[in-house]
Amino acid sequence: MTPSRAARGDDAGAPVSALTSLQVGSVLSYVIAILIPALDAVIPVLPSETVIIALGVATAGSADPRIGLLVACAALGAFLGDNLSYLIGRRFGPRVERRFFRGEKGARRRAWAERSLQRFGMQLIVVCRFIPGGRTAVTLCCGIVGYPRRRFVVATAVAGLIWASYSFTLGRLGGRAFEDAPWAGFAVAFGVTIAVSGLVELIRRIVSRRRAAATSGEHSTGPAEADRSSSPVHHTGDNCPARPRS
């Protein structure tokens, strides 16, 4: 006789019980959906994406309209966390730099965030949610350099909604695909997020290396350009230096 789903759930032990306890009707689910993404911005070790995926898996078999409220709570938590990070960077800039951007690696992360922010602005704030370690670096940097608050608020609101919908939907898809094994669905959904984050990070590194190569190429041609410009043949218009009076 094939064991029932309940029996299989009991055999899975405490982890499955913890996962299935995150239901739409549980107040704890809403508290977790807001609190973990909010704190994850300043305490990156907190597994905000993992938690939202787990909520999606746990509610995969439900059509309760309050599921939309869960997604909204997750988006709100992400938004609050990003803006908390911004305020910390704005208020405690020097301390933040010593704490989060210390050492050579931290300095490179800060330099990358500032350069990318100048180049891409709001687009970077949205995309950085899918770059490992990018969210904290960029949101803190926004506060440190005084990025316009209104633009930051809009960008983080959009980023939070996209991230929450994406993570929750992956969880629900995984939970439906592995209805009898919720942890298998969770593992697959979480694996997809890792793959997507890895792809985004790979693209970022490729673009960064190409830009660095292009910059070094410009520097290497600098002296030659200077030599050509100093030649009398090329002295034309306003670029021509003043000649000594006879």
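Which residues of α3 are buried? In helix α3, Ser29, Tyr30, Ile32, Ala33, Ile36, Pro37, Ala38 and Asp40 are buried (under 20% relative accessible area; exposed is over 50%, partly exposed in between, with a 1.4 Å probe and protein chains only).

## Basis of the model

This is a predicted model: local features need pLDDT of at least 70, side-chain atom pairs count only at pLDDT 80 or more, and totals for chains, interfaces and linings use all residues. Residues are numbered from 1 along each chain as its sequence is written, and side-chain values use heavy atoms, with hydrogens and water left out.

## Helix α3

Helix α3 covers residues 27-40. Helices are DSSP runs (H or I, at least four residues), numbered from the N terminus. At 1.5 Å a residue, its 14 residues should span 20 Å. The expected span is 1.5 Å times one less than the number of residues. The end C-alpha atoms of α3 are 20 Å apart, which agrees.

An α-helix has 3.6 residues a turn, so residues three or four places apart point the same way.

## α3 against α4

Helix α4 covers residues 48-58. The axes of α3 and α4 come within 9 Å and cross at roughly 160°. Axes are lines fitted to C-alpha atoms, for helices over the stretch in contact, and angles run from 0 to 180 degrees between N-to-C directions. The two helices are therefore roughly antiparallel (over 145 degrees). From α3, the contact uses Ser29, Ile32, Ala33, Ile36, Pro37 and Asp40. From α4 come Ser48, Val51, Ile52 and Leu55. Contact means heavy atoms within 4.5 Å.

By class, this contact has seven nonpolar, two polar and one charged residues. Ala, Val, Leu, Ile, Met, Phe, Trp, Tyr, Cys and Pro count as nonpolar, Asp, Glu, Lys and Arg as charged, and the others, Gly among them, as polar.

## Gly77 in α5

Gly77 is found in helix α5, residues 67-91. Gly77 is buried, with a relative accessible area of 0%. Its C-alpha atom is separated by 4.5 Å from that of Ala38, 39 residues apart along the chain. Leaving aside neighbours within four places in sequence, Gly77 is in contact with Ala33, Ile34, Pro37, Ala38 and Arg135.

## α6 against α9

Helix α6 (residues 93-100) packs with helix α9 (residues 134-145) at an angle of about 155°. Their axes are 10 Å apart. That makes α6 roughly antiparallel to α9. Gly93, Val96, Glu97 and Phe100 of α6 meet Thr136, Leu140 and Ile144 of α9. By class, the contact has four nonpolar, two polar and one charged residues.

Definitions and conventions. Parallel < 35°, antiparallel > 145°, perpendicular 65-115°, else oblique.
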